[in-house]
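Have a look at the model below, then try each task before reading its solution.

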Amino acid sequence: MSDPGSVAPALPPPALPATEASTPPRPRLRSLLGDAAVDVALALLVMFAASLLAGVAWGVWRAVAAVAANGGEAIDPSRLGEVIGEPGALAQMLMAIVSMATPALLLYFWRRRAGRGERSRSRAALRRPATWGWALLVAALVFAGTTLASWLMQLAGSEPVPTNLAMVEEASRRWPWFLFLFAVVLAPAYEELLFRRVLFGRFLAAGRPWLGMAVSSLAFALMHEVPGISANPPLAVVQLLAVYAGMGAAFAWVYRRTGTLWAPILAHGLNNAVALMVHGLA
């Protein structure tokens with residue numbers, strides 16, 4: 001029998017379920033959109049700066065090569081524009097790598113770096129056969145969807161021309177292996193890192209995947225076809241934007257479904273590889 005004068009020890013508060021204890025509070029929509037807007041603004045700023053620097057570096061290299069070819073004599077400044085000329089397909093691909101990989105890597109390491117737990121879950125997902133199956137399925141569906149969209153647009157009397165088509169055609173004739181490396185390995189890697197891991201991943205972590213899918217897919221489409229700069233008529237621009245946005249949504253979906261960024265990278269690269277081979281561009 002306990003002593004009436006003793007004080008019973010205080011009971012500890014009930015423990016929260018593991019999911020409640022470990023899940024951070026859901027950020028407010030305004031804050032989430034603000035963070036995403038900062039991501040986009042930084043990406044555009046860094047992309048512009050990297051593209052400008054890459055263009056300057058290419059121009060300097062062309063000028064130095066012209067001076068060397070001229071026996072070391074200076075080039076007439078009035079002919080400098082003619083000597084430098086327009087960048088060819090190889091230079092355009094190198095500039096694209098610099099201008100897109102730079103903001104992707106910067107934003108990833110600065111604002112959305114993966115933690116140890118996320119990296120562990122990604123490695124575990126890679127060991128599941130279903131991950132590879134979903135990536136292959138999405139790659140096939142994306143290619144089939146873009147092919148169907150192209151056929152329907154032709155039936156409607158509209159034949160949009162992708163902005164980078166001239167570069168791809170020249171590269172397929174002169175640098176086919178580098179084009180393959182660029183389109184199948186490098187571009188999918190840095191585009192998925194920027195648009196799916198950084199931009200879509202912010203919304204996914206905040207519990208708003210569908211909003212993130214819409215925002216990141218629209219940004220992905222606008223990066224490939226910029227209204228006002230494209231030579232396509234307005235209707236063709238809208239059609240291309242819809243196709244690119246659909247591709248972005250599919251890649252975001254497979255990222256969410258599998259839990260690893262390698263799945264959309266693989267799906268993106270396979271889609272590009274099949275497109276190059278089917279259209280005889282590699």
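**Exercise 1.** Work out whether R202 is buried or exposed in this predicted model, then find what its side chain pairs with.

*Solution.* Start with the cut-off: buried means under 20% relative accessible area. R202 comes in at 12%, so it counts as buried. Next, look for its partner: the R202 side chain meets that of D39 in a salt bridge, 2.7 Å from N to O. Now place the two: R202 sits in helix α8 (residues 176-205) and D39 in helix α2 (residues 29-69), so this pair ties together parts 163 residues apart in sequence. D39 is buried too, at 1% relative accessibility. Finally, widen the view: D35, D39, R111 and R202 are linked in a network of salt bridges.

**Exercise 2.** Find the residue that forms a salt bridge with E118, and say which helices the pair ties together.

*Solution.* The partner is R197, with the closest N and O atoms 2.9 Å apart. E118 belongs to helix α5 (residues 116-126) and R197 to helix α8, so parts 79 residues apart in sequence get tied together. Now check accessibility: E118 is partly exposed at 26%, while R197 is buried at 4%.

**Exercise 3.** Explain how E192 and R196 are placed along helix α8, and describe their contact.

*Solution.* They're four residues apart in the helix, which means about one helical turn separates them. Their side chains meet in a salt bridge, 2.7 Å from N to O. As for accessibility, E192 has 0% and counts as buried, and R196 is likewise buried at 0%.

**Exercise 4.** How many salt bridges does the model have in total?

*Solution.* Counting them up gives six salt bridges.

Conventions: Residues are numbered from 1 along each chain as its sequence is written. This is a predicted model: local features need pLDDT of at least 70, side-chain atom pairs count only at pLDDT 80 or more; totals for chains, interfaces and linings use all residues. Side-chain values use heavy atoms; hydrogens and water are left out. A salt bridge is a side-chain nitrogen of Lys or Arg within 4 Å of a carboxyl oxygen of Asp or Glu. Buried means under 20% relative accessible area, exposed over 50%, partly exposed in between (1.4 Å probe, protein chains only).
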